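Me: I am new to reading protein structures. Could you take me through one, feature by feature?

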Amino acid sequence: MSKKAAAASLLKLIVPAGKATPSPPIGPALGQRGVKSMDFCKQFNDRTKELILETPTPVAIAIKPDRTFTFAIKSPPTSWLLKKAAGIAKGASQPGKQVAGSVSLKHIYAIAQIKSEDPAMSHIDMHKICKSIISTAKSAGIKVVY
Amino acid sequence: MYTRLLFANSSARYVRAGCQTYKGTRGIASSLILRTAEKSAEPANEAQPTQRKYPASSAVHGTVLKGLNIYKAGKDPVALKDEEYPDWLWTLLDEVPVEKMTERERQRHERSKHIKESNFMKSRK
């Protein structure tokens, strides 16, 4: 299962932009792998300084055995963007049966524009990104209208 | 009655609106949206009545799409006119009726129905 010495371990976290601090959840997660969390926090805060403070930002940290690390920052979670667009704090507790809020197709398009800047989504059609966002909305109980 | 009024006036704007309410299976809600959209939509843009078979967007041109800006230096995006969005956008909410699905889509649909039913049966214990 695990490869030999050259493998890096990957750590995925969602960190509020500009507010990475050594305390949990980041601190122990990085500390266990021998990385100084302060280093990561400084670099992360630096890279996310253009984002609005506390935007949840998924980050994938690759940690090499010699304790150096690199990390890639991604776009905010789709469900968070949808809830913001719909102006709600929480999704429906019973999606499908309850409707927690609604968004227009134009909101979906704007969210897709944010998402398409994410390197993982850069090669995917806008059309398909929109469809995937609509599915996420469905599972959050957010109705999509024209 | 509203529909007749629309058809009576022959300007391009009303023809477009007429097409929409005629098609409108969404009834009152769509004509209400239409009325508000009409008041703020600019007449110069209702150029292609045959293209639009979908209701006017509830996010009227100029609406600020709040909450969708993630950059400090940026501003919330503003809704553009319906025509400025790609055509496929309005088709996203369409549901293809079973008869019109391609073979592949139909198989997928059957399979997912089957899975949902079996999940339901299992959870009934």
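Me: Let's begin with charges: how many salt bridges does the structure hold over all chains?
Reply: A salt bridge here is a side-chain nitrogen of Lys or Arg within 4 Å of a carboxyl oxygen of Asp or Glu. The structure holds 5 of them over all chains. One caution: this is a predicted model, where local features need pLDDT of at least 70 and side-chain atom pairs count only at pLDDT 80 or more, while totals for chains, interfaces and linings use all residues. Residues are numbered from 1 along each chain as its sequence is written, chains are lettered from A and ligands numbered from 1 in the order in which they are written, and side-chain values use heavy atoms, with hydrogens and water left out.

Me: Which residue forms a salt bridge with A:Glu54?
Reply: A:Lys19 does, with the closest N and O atoms 3.0 Å apart. The pair links distant parts of the chain, 35 residues apart: A:Glu54 is in the loop between helix H2 (37–47) and strand E2 (56–63) of chain A, and A:Lys19 in the loop between strand E1 (9–16) and helix H1 (26–32) of chain A. Helices (H or I, at least four residues) and strands (E, at least two) are DSSP runs, numbered from the N terminus.

Me: How many helices and strands does chain A have?
Reply: Chain A has 5 helices and 5 strands. Starting at the N terminus, their order is β-α-α-β-β-α-β-α-α-β.

Me: How do I read the place where chain B and chain A are in contact?
Reply: Contact means heavy atoms within 4.5 Å. By that rule, 31 residues of chain B touch 28 residues of chain A. The size of an interface is often given as the accessible area lost when the parts come together. Buried area is that loss (1.4 Å probe), summed over both parts. Here chain B and chain A bury about 2400 Å², 71% of it on carbon and sulfur atoms. In chain B, the residues losing the most area to chain A are B:Leu68, B:Ile70 and B:Leu93, together 29% of what that side buries.

Me: How many salt bridges are found across the interface of chain B and chain A?
Reply: The rule finds 1 there. The side chains of B:Asp82 and A:Lys106 meet in a salt bridge, at 2.6 Å from N to O.

Me: Which residues of chain A does UniProt list for a domain?
Reply: An unreviewed UniProt entry lists residues 74–144 of chain A as "domain: Large ribosomal subunit protein uL11 C-terminal". Over residues 74–144, chain A is 49% helix and 10% strand.

Terms used: UniProt positions renumbered as here; feature names shortened; annotations may be inferred. Buried area = accessible area lost by both parts, 1.4 Å probe.
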